[in-house]
Amino acid sequence: MSTVMKAVDVDVPLSTAYNQWTQFESFPEFMEGVEEVRQLDDTHTHWVTRVGGVTREFDATITEQHPDERVAWSSDSGPRHAGVITFHRLEPNRTRVTAQMDIDPDGFLEQVADKAGLLGRRVNNDLRRFKEFIEGRGHETGGWRGDVDTPPTARS
């Protein structure tokens with residue numbers, strides 16, 4: 001299992017950055033290799049990715065979500081991964097978005113990419129594209145402000 005931690009500062013208010021991040025179906029517009037994300041309900045998403053000519057589909061569960069603070073998830077199928085995106089107000093119109101992900105590379109190519117640092121670069125580039133996406137728009141495409149509490153079995 002590898003851990004990747006990256007951050008980007010975006011020149012939009014915290015609520016704008018958070019609201020946009022909750023629009024999972026817009027992820028293909030700024031995430032490399034993500035072809036489609038469908039939000040199935042408040043806590044479940046279905047992903048289609050294509051990396052290195054290999055298409056994968058998997059489901060993920062949002063395990064915790066608190067407006068203007070964090071969105072955490074864990075994969076239910078496919079390659080094992082989990083993570084959290086946190087949002088920190090730096091100034092009224094400046095927000096730090098931090099991604100921390102635990103990834104268990106599945107398959108030879110993913111293991112090589114992990115060891116070469118390519119996964120960290122991909123996350124960094126996705127955050128950079130998120131910055132360009134949200135700053136270029138100046139406002140979010142939507143937002144979901146609901147709370148998802150950590151399940152009791154997942155709490156420490």
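**A helix, a sheet and some rings**

Q: Which residues of α1 are buried?
A: In α1, the buried residues are Leu14, Thr16, Ala17, Tyr18, Asn19, Gln20 and Trp21, where buried means under 20% relative accessible area, exposed over 50% and partly exposed in between, with a 1.4 Å probe and protein chains only. Helices (H or I, at least four residues) and strands (E, at least two) are DSSP runs, numbered from the N terminus. This is a predicted model, in which local features need pLDDT of at least 70 and side-chain atom pairs count only at pLDDT 80 or more, while totals for chains, interfaces and linings use all residues. Residues are numbered from 1 along each chain as its sequence is written, and side-chain values use heavy atoms, leaving out hydrogens and water.

Q: Why is α1 described as largely enclosed?
A: Seven of the eight residues of α1 (residues 14-21) are buried, so the helix is largely enclosed by the rest of the structure.

Q: And what covers those buried residues?
A: The cover includes the strands β1 (2-10), β4 (54-66), β5 (70-75), β6 (81-91) and β7 (94-103), together with the helix α3 (118-137); contact here means heavy atoms within 4.5 Å.

Q: How does α1 run relative to β6?
A: α1 lies across β1, β4, β5, β6 and β7, and runs at about 160° to β6, with axes being lines fitted to C-alpha atoms, for helices over the stretch in contact, and angles running from 0 to 180 degrees between N-to-C directions. α3 also packs on the sheet, where it touches β1, β3 and β7, and its direction makes about 20° with that of β1.

Q: Ok, the sheet then: what is the strand order?
A: The sheet is open, has seven strands in the order β1-β7-β6-β5-β4-β3-β2, and its pairing is antiparallel; two strands pair if DSSP finds at least two bridges between them. β1 and β2 are the edge strands, each pairing on one side only.

Q: How many bridges join β2 to β3?
A: Five bridges join β2 (residues 34-39) to β3 (residues 44-51), and these two strands form a hairpin with four residues between them. Within this pair, arginine 38 stands opposite histidine 46 in β3.

Q: Switching topic, how many aromatic pairs are there?
A: A search of the whole structure finds 10, counting rings of Phe, Tyr and Trp (its six-membered ring) whose centres lie within 6.5 Å, with planes under 30 degrees apart called stacked, over 60 edge-to-face and the rest tilted. Tryptophan 21 and phenylalanine 27 have ring centres 5.1 Å apart and planes at 55°, so this pair is tilted.
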